[in-house]
Amino acid sequence: MTTPVLIVTGGSRGIGAATCALAAERGFDVVVNYRSNRQAADEVVSRVEASGRRGLAVQADASIESDVAGLFQAVFDRFERLDGLVNNAGIVDVPSPLKDISAERMMRMMTVNVVGPMLCAREAITHMSTDARAGGSIVNVSSGASHAAGRGGADTYVDYGASKGAIDTLTEGLARELAPSGIRVNAVRPGVIDTEIHASGGQPDKPDQAPAKIPLGRVGRPNDVAEAILYLLEAPFTTGALLDVDGGV
Ligand code: NAP
């Protein structure tokens, strides 16, 4: 039987790394895309290989068109097929009211969180099977912020929420556009998950403070999201779904 091949953008750390490891356990060969941290990517490849699957680390900024083209070419050169894409690479910034957010920050947020996933999806479509029986599967990593931006009072950033709202819209629209070709498109919307992204947004303690506001009483773990992503990757009759993974918020 042919082994399916999966690309995870931003697969070197956090939710992406957990997704790579779980996908390998479920039988995927896995491409671990990363932007800067080669060592972290190599460690994830080792986890993939420990599950008996093939792994490949590829450096590319998933928001730069030429890098994305190079990423997909490297994948096709090595594996000669593509079955799944997880558009996971994303950034936050420090909490800020809109009046204090620079145009440069707005552009960066939209470029990495919205343009990048569109570039990757466009490239994936050209490499995936368009046989309606075989097809392919794209899972976008959105956020609870797509529908709850601003609810955290001073702790929020509407530019990030708006970028993830665009991902929800992309998911629903692209799912309809690609359904006739058998390619499914879905999204997960994580709540607060314990990763390093919060430190990069100046809130290293956010995962410790989150449980009080989460009905299930604990912060999310990267593997909680990875489980949902793997479900959507393989769910044959589900497309255009936005799956909340937030402990009941
Ligand atoms: P993280 O721990 O900060 O990891 C981010 C990963 O993305 C790293 O592997 C990083 O690679 C990579 N990356 C960042 N920018 C990139 C780019 N331009 N091109 C390629 N790779 C890039 O983040 P995370 O918490 O796992 O978040 C993953 C996704 O989940 C994001 O889309 C985020 O918005 C979303 N999300 C997270 C949470 C949460 O609470 N953690 C909640 C909702 C949604 P390098 O290390 O090489 O730079």
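E80 sits in the loop between α3 (65–79) and β4 (84–87), with helices (H or I, at least four residues) and strands (E, at least two) taken as DSSP runs and numbered from the N terminus. The model is a predicted one, where local features need pLDDT of at least 70 and side-chain atom pairs count only at pLDDT 80 or more, while totals for chains, interfaces and linings use all residues. Residues are numbered from 1 along each chain as its sequence is written, and side-chain values use heavy atoms, with hydrogens and water left out.

Most residues other than glycine have a negative phi. E80 is not a glycine, yet its phi is positive, at about 60 degrees. E80 also counts as exposed, because its relative accessibility is 63%; the cut-offs are under 20% relative accessible area for buried, over 50% for exposed and partly exposed in between (1.4 Å probe, protein chains only).

Two other residues make a handy contrast. G16, in helix α1, has a relative accessible area of 0% and is therefore buried. Its C-alpha atom is 9.0 Å from that of N87, although G16 and N87 are 71 residues apart along the chain. E43 belongs to helix α2 (residues 38–50) and is partly exposed, given its relative accessible area of 46%.

Around the ligand are 29 residues, of which S12, R13, S36, Y160 and T195 come nearest; a residue is near if one of its heavy atoms lies within 4 Å. As for polar contacts (pairs of N or O atoms within 3.5 Å), R13 puts a polar side-chain atom 2.7 Å from a ligand oxygen. The protein covers 97% of the 910 Å² of accessible area that the ligand has on its own, by the Shrake-Rupley method with a 1.4 Å probe. Elements giving two or more residues to the shell are α1 (14–25), β2 (29–34), α6 (158–178) and α7 (197–200).

Finally, helix α4 (residues 103–127). Its 25 residues, at 1.5 Å a residue, should span 36 Å, and the end C-alpha atoms are 35 Å apart, so the two values agree; the expected span is 1.5 Å times one less than the number of residues. α4 does bend, by about 35 degrees at T111, the bend being the angle between axes fitted to the seven residues ending there and the seven starting there.

How values were computed
A polar contact is a pair of N or O atoms within 3.5 Å; within protein, one must be able to donate a hydrogen and the other to accept it, and residues adjacent in sequence count only if both atoms are side-chain atoms.
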